Amino acid sequence: MNMTRKTIQSYNRCANTFVQEHMDLGVFKRFIQEFSDLLKVGASILDLGCGPGNIGKFLMNQKKRYKLLGVDLSPEMLRLAKQHVPDGKFILADLRDLRLQEKFDAVIVSFCIIHLDTDHAKDLLRKAFDLLNAGGYLYLSFMSGGKPGLEKATFSQDELYFNYFMPKQIPEYLERLGYRIISKYRHDYQKANNQVIQDIILIAQK
C-alpha cells in the first residue's frame, strides 16, 4: 500500500486518540506562544498539516484576530479541526501537490514533513517560503534520531510512515532558501525501545 495512503488511513482511525494526547500542545505550547508573539494583529496564517486544529485553536485564542487557513489530507482530522476552530477555514489537500495563490504572514509546518520523503519535505519548505509575505514567519518542527519507515505512534495502533532528518540538515536548507533562523529548540525523549528521538523546533523569518 502507498505509504501516504496508509498514514492518512491511520490518522483517520486514531484522530480522537490523537486529540486526547496532543490537543493541549504540551511542551510545545511555549514555542507556539513565542511564534504568536512575533505576529501582528490580524495576521494571515497558513497551517500545513493542521491535524485536528490543536495549534490553530491555541492561536485563535490569542485574540489577535488572526485569519487562519488549515490544510490536511485526513478528512477526519479536518472534521475535528472545524469543530475546534470554528472561525478558521480548512481545505482537504495533499501537501505534495499544494497549489495556493494567496500569500500569508505566517506559515506553520508542525510535524508534517515527518510523513514525507526528503525530496517532498524540501519541496514543501520551498513552497512555504514562496507563500510567505516578505518578513513573514515560519514555525517548523520535525524529528531526528530514527530511521525512516513504518512504525506505530503512542496515539495509533496502526503504523504510519515517519521520516527523520539530520539536526543540521533542515536549518541549513532553510538558510539556503532565504530564511533567517530566529529560534531553535530541541526536545529529547526516549521511546519504548530505548531509542532517543529529538523533536526539533525552528522559528524563522523570510
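Q: What does the side chain of glutamine 205 make a polar contact with at 2.7 Å?
A: The partner is the side chain of arginine 180, where a polar contact is a pair of N or O atoms within 3.5 Å, with the condition within protein that one must be able to donate a hydrogen and the other to accept it, and that residues adjacent in sequence count only if both atoms are side-chain atoms. With the side chain of tyrosine 137, the side chain of glutamine 205 makes a polar contact at 3.2 Å.

Q: What kind of model is this, and how are residues numbered?
A: This is a predicted model, in which local features need pLDDT of at least 70 and side-chain atom pairs count only at pLDDT 80 or more, while totals for chains, interfaces and linings use all residues. Residues are numbered from 1 along each chain as its sequence is written, and side-chain values use heavy atoms, with hydrogens and water left out.

Q: Is glutamine 205 buried or exposed?
A: Glutamine 205 counts as buried because its relative accessibility is 17%, given that buried means under 20% relative accessible area, exposed over 50%, and partly exposed in between, with a 1.4 Å probe and protein chains only.

Q: Where does glutamine 205 sit?
A: Glutamine 205 is in strand S9, residues 196-205; strands (E, at least two residues) and helices (H or I, at least four) are DSSP runs numbered from the N terminus.

Q: What is the strand order in the open sheet?
A: Seven strands form the open sheet with mixed pairing, in the order S3-S2-S1-S4-S5-S9-S8, and two strands pair if DSSP finds at least two bridges between them. The edge strands, S3 (89-92) and S8 (180-190), each pair on one side only.

Q: And how many bridges join S4 and S5?
A: Strand S4 (residues 104-110) and strand S5 (residues 132-144) pair over six bridges in the parallel sense, and phenylalanine 104 has leucine 132 of S5 as its bridge partner.

Q: Switching topic, which residues have the most contacts inside the largest nonpolar core?
A: Those are Val109 and Leu140, in a core of 48 residues, a nonpolar core being a set of buried Ala, Val, Leu, Ile, Met, Phe, Trp, Tyr and Cys residues joined through side-chain atoms within 4.5 Å. Helix H5 (residues 118-131) gives the most to this core, with six residues.

Q: What else does valine 109 touch?
A: Not counting residues up to four places away in sequence, valine 109 touches residues including Leu48, Leu124 and Leu140, where contact means heavy atoms within 4.5 Å.
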